[in-house]
Amino acid sequence: MKFTPAKPPSTGETLDTLTARLRERGEPAFRAKQILDWVYKKRARTWDEMTNLPKALRVWLADTFELMPMVLVHGKQSLDVTDKLLLELGDRSLIETVIIRAPQDGVGLEHSRKTICISTQVGCAMGCKFCASGLLGLKRDLNAGEIVAQLLQVCYREDEHDPRAHTGLASFDNIVVMGMGEPLANYNAIIRALTIVNAEWGLGFGARRITLSTSGLVPKILKLADEPLGLRLAISLHGATDEVREQIMPVNKAYPLAQLLPAIKAFSAKHGRMVTLEFILIEDVNDSFEQAEKLRDIAVDLHAHVNLIPYNTVEGLPWKRPSVSRQEAFADILRRARVSVTLRREKGHDIEAACGQLRLKTEQARELSAS
Ligand code: SAH
Ligand code: SF4
C-alpha cells in the first residue's frame, strides 16, 4: 500500500532537490542552505521561526512542505536506559524509534552515549517467525522523509540536556537501522534518508557510526557494497545451517547460505571493515553446540564479529531464551576460536532487539477500542 502525503516532508529533500524547487520559484540558490540549516542545525519546529527568510517564502514553504511528517504520541518524561518513542505518521500508521543509553560510571544518564534505533517500514513482509514486527505483515514502506524525521524527533527530545545541540550536531552517538521493517526491501528510501543524515547540509552524521541490519537480501547487499556512503553492515543470521535458518526465516529459501555468505564476504572485501553477524539464541531452536560450531566456522571464514542476543519473548509466540549457562557455553565455543563475540544481557538491549512490540501492542489496543 503506498501512502502519498498531501505535502511532501521537508526531511525528504536533498540540497539539490530543494534548490531546484526554489529556483522554479525564482529564489536565489542560497535559500536552500538556509532552510536546511533551520531544519537540521537549529531544529526549527515551525516555518515562522525561520526569521531570515522573507515572509512570502515562509508562507510558500508552509503550503508546499510538511516540516515534520510525524507526531510523538508516546514517550516518557523521565530518562531510562531505553526510551521508546511511538510516532504517528500522516496516515495514522505507527512506528517506533528507540533511544538506547549506555550508562557509564560517574556520569548521569542524560550524558551517556546514545544509540538510536530507527524503523524503515510500517510492519515487515519478511515473516521471520520470532519477530513482533513481522506479525502484522507489511503495511507500507516509509518514505525517506519519514526515516530522517525519526532522528529529528530524537534531537527534539535530547537537545534539552545534550550540549551538542548548541553546535548544531546531532544529539546522539550511533544509529542502528534495526527497528521495524527490512531496510533493504525499501532500498531507495533508506539510501536517500541516510544520505541526508550524513550530508554536511543535513544532520552531518558520520556514516561509520551508522549500522544497517538486514535479514539477508543478497542482491541488495551487493548493491549496498557499491554505495559510496560507507555504512556498517549487520546480518540477521539466526541459523548456522540452511535447515535451522529456513525454519525461522523464510528469506533463507530465496537466498540460502550458499548465496548469503559470499555476498557478506564481497561486502567486507569492498569496505575493509568487519561485518556483524546477529544470532538470536532461542531455546531448542538454534542453541545447540553443533550450531555454535557451525557459526564459529562461518565467523572465522568471514572474519566477522558475532553478536549473540538472548531471545526476547514476544507475546503470542512460543519461544524463549536459553538459560544463562547455555548462552555462555554457546559463546565459549566461539571465543575459544578467538572469534570476536558479544553476548548482550542488559535489559535495555532486549528492547533494542525487539523493536516492533510497542507498536504491536498499540495497534491491538486500537483494534480493541474500535470493536
Ligand atoms: N529487518 C532487519 C532489521 C530489523 S530487525 C533484520 O531483520 O535484520 C533487528 C534485529 O532484531 C534483527 O536481528 C532481528 O532478528 C532481531 N529480533 C527480532 N525479534 C527479536 C526478538 N523477539 N528477540 C531478539 N531479537 C529479535
Ligand atoms: Fe522483518 Fe527483521 Fe523482523 Fe525479520 S527480523 S520480520 S526481517 S523486522
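The exercises below, each with a worked solution, concern a predicted model.

Residues are numbered from 1 along each chain as its sequence is written, and chains are lettered from A and ligands numbered from 1 in the order in which they are written. In this predicted model local features need pLDDT of at least 70, side-chain atom pairs count only at pLDDT 80 or more, and totals for chains, interfaces and linings use all residues, while side-chain values use heavy atoms, with hydrogens and water left out.

**Exercise 1. Find the stretch whose pLDDT is below 50.**

Step 1. The protein chain has a mean pLDDT (the predictor's confidence in each residue, from 0 to 100) of 91, and 93% of its residues reach 70 or more.
Step 2. The stretch is residues 348-354, which has 18 contacts (heavy atoms within 4.5 Å) beyond near neighbours in sequence.
Step 3. Where pLDDT is low, predicted coordinates should not be read in detail.

**Exercise 2. Describe the surroundings of ligand 2.**

Step 1. List the residues with a heavy atom within 4 Å of the ligand: C124, M126, C128, F130, C131, S133, G134, G181, E182 and S215.
Step 2. Sort them, with Ala, Val, Leu, Ile, Met, Phe, Trp, Tyr, Cys and Pro as nonpolar, Asp, Glu, Lys and Arg as charged, and the others, Gly among them, as polar.
Step 3. The shell has five nonpolar, four polar and one charged residues.

**Exercise 3. Determine the sense in which β4 pairs with β3 and with β7.**

Step 1. Strands (E, at least two residues) and helices (H or I, at least four) are DSSP runs numbered from the N terminus; two strands pair if DSSP finds at least two bridges between them.
Step 2. β3 (residues 94-102) and β4 (residues 113-117) are antiparallel over five bridges, and A102 stands opposite R113.
Step 3. β4 and β7 (residues 174-177) are parallel over three bridges, with V176 in β7 as bridge partner of C117.

**Exercise 4. Characterise the second largest cavity.**

Step 1. On a 1 Å grid over the protein atoms alone, a cavity is a set of points where a 1.4 Å probe fits but cannot get out, and lining residues have an atom within 4 Å of a point. Points are joined across faces, edges and corners, and a volume is the space filled by probe spheres set on them.
Step 2. Helix α2 (residues 30-41) gives the most, with three residues.
Step 3. By class, this lining has seven nonpolar, one polar and one charged residues.

How values were computed:
1 Å grid on protein atoms, 1.4 Å probe; cavity = no way out; pocket = protein on both sides within 12 Å on 5 of 7 lines; lining within 4 Å.
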